[in-house]
Amino acid sequence: MKLIYVADPMCSWCYGFSKEMAELMEMNPEISLEIVVGGLSAGSNKVLDDADKRFRLMHWSKVEAISGLPFNREALMAREGFVYDSGPACRALVTAIKMNTGISILKIFRAIQHGFYVDGKDVTSPSELVKILSNTFALEGYPVNDDLILTMFNSEEIKLETENHFKTVKHTFGISSFPALLLEDHGEIKTISAGYMAANMLQEIMNKISNQNDSVLCQKHS
């Protein structure tokens with residue numbers, strides 16, 4: 001049994017949902033987690049003007065009210081010429097996955113989110129992303145040279161793998177909005193949540209699916 005978290009590091013609802021995911025994983029330490037990045041605004045070249053920024057801040061306020069998580073509005077409003085391209089942040093997460101450090105991938109994902117939404121970092125910048133990954137690795141007892149991370153981040157292998165993530169989300173899962181949580185059990189994939197949901201509600205749905213599966217197994221062997 002495996003949970004598949006479909007998300008984007010620069011999706012504000014995913015930022016809120018990742019808190020719920022952390023709680024859910026604490027409740028289910030025996031279940032593995034895979035994160036597949038969706039590329040919400042990957043490749044965008046549109047510079048955000050003040051109206052665009054205020055529009056995003058409206059979404060941030062909704063997420064803040066529901067999740068209780070902090071948002072650094074001042075950093076977004078102050079950033080000049082900012083292009084909301086989530087491609088680099090997605091690629092940073094794929095880089096971390098490929099490095100296979102043994103560190104919780106959700107913890108790394110949340111570090112990228114925290115860097116953007118709380119610390120006000122420009123997570124469209126490769127150098128900023130490398131610092132976030134490097135600092136997270138070091139805090140978890142796995143120091144990695146920044147140049148090594150950057151080389152891997154810029155590699156064709158990681159670029160291709162990131163595109164594969166996007167294709168999987170769009171064509172295999174058929175998902176176009178984030179976050180989404182899927183459960184894979186014996187090759188069958190079921191949707192747990194399409195959108196933000198509290199951890200206790202996610203757990204209830206998982207329990208129902210588990211009970212249904214147990215019932216089916218009992219019928220087969222009766």
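Predicted model: local features only at pLDDT ≥ 70, side-chain atom pairs only at ≥ 80, totals over all residues.
Student: What do the buried residues of α5 pack against?

Tutor: Their partners include both strands and helices: β1 and β2 (32–37) on the one hand, and α1 (12–27), α2 (50–67), α4 (87–99) and α6 on the other. As for the geometry of the helix itself, its 13 residues should span 18 Å at 1.5 Å a residue, and the end C-alpha atoms of α5 are 18 Å apart, which agrees with that expectation.

Student: How many residues does the largest nonpolar core have, and which of them have the most contacts inside it?

Tutor: The largest nonpolar core has 66 residues, and those with the most contacts inside it are Tyr-5, Ile-112, Phe-137 and Leu-181. To this core α5 gives the most, with eight residues. Ile-112, one of the buried residues of α5, is in contact with Pro-9, Ala-89, Ala-92, Leu-93, Val-123, Leu-129, Ile-132 and Leu-133, once its neighbours within four places in sequence are left aside.

Student: How many salt bridges are there, and where does the pair of Lys-2 and Glu-184 lie in the chain?

Tutor: The general idea is that side chains of opposite charge can pair when their charged atoms come close. With a cut-off of 4 Å between a side-chain nitrogen of Lys or Arg and a carboxyl oxygen of Asp or Glu, the count comes to six salt bridges. One of them joins Lys-2 and Glu-184, whose closest N and O atoms are 3.7 Å apart. This pair links distant parts of the chain, with Lys-2 in strand β1 (residues 2–7) and Glu-184 in strand β3 (residues 180–185), 182 residues apart. Lys-2 is partly exposed, with a relative accessible area of 23%, and Glu-184 is also partly exposed, at 26%. Lys-2 and Glu-184 are linked with Glu-34 in a network of salt bridges.

Student: How far apart are the closest N and O atoms of Asp-52 and Lys-46, and where do Glu-140 and Lys-107 lie?

Tutor: In the salt bridge of Asp-52 with Lys-46, the closest N and O atoms are 2.4 Å apart, and Lys-46 is partly exposed, with a relative accessible area of 45%. The side chains of Glu-140 and Lys-107 meet in a salt bridge at 3.4 Å, N to O. This pair too links distant parts of the chain, 33 residues apart: Glu-140 is in the loop between α6 (126–139) and α7 (146–153), and Lys-107 is in helix α5 (residues 105–117). Glu-140 has a relative accessible area of 38% and is partly exposed, while Lys-107, at 42%, likewise counts as partly exposed.

Student: Is Ser-41 buried or exposed, and what does it touch?

Tutor: A loop position is read like any other, by its accessibility and its contacts. Ser-41 is found in the loop between β2 and α2, and at 15% relative accessibility it counts as buried, because the cut-off for that class is under 20%. Not counting residues up to four places away in sequence, Ser-41 touches Asp-8, Tyr-84, Asp-85 and Ser-86.

Student: Which residues does a cis peptide bond join, and where do Asn-100 and His-186 lie?

Tutor: For the backbone, the angles to read are omega and phi. A cis peptide bond joins Phe-178 and Pro-179, with omega about 5 degrees, and Pro-179 lies in the loop between α8 (156–172) and β3. Asn-100, although not a glycine, has a positive phi of about 50 degrees; this residue lies in the loop between α4 and α5 and is exposed, with a relative accessible area of 63%. His-186, again not a glycine, has a positive phi of about 55 degrees; its place is in the loop between β3 and β4 (188–194), where His-186 is exposed at 79% relative accessible area.

How values were computed:
Residues numbered from 1 in each chain as written. Heavy atoms only, no water. Helix = DSSP H or I, 4+ residues; strand = E, 2+ residues; numbered from the N terminus. Buried < 20%, exposed > 50% of the residue type's maximum accessible area, 1.4 Å probe, protein only. Expected span 1.5 Å × (residues − 1). Contact = heavy atoms within 4.5 Å. Core = buried A, V, L, I, M, F, W, Y, C linked by side-chain atoms within 4.5 Å.
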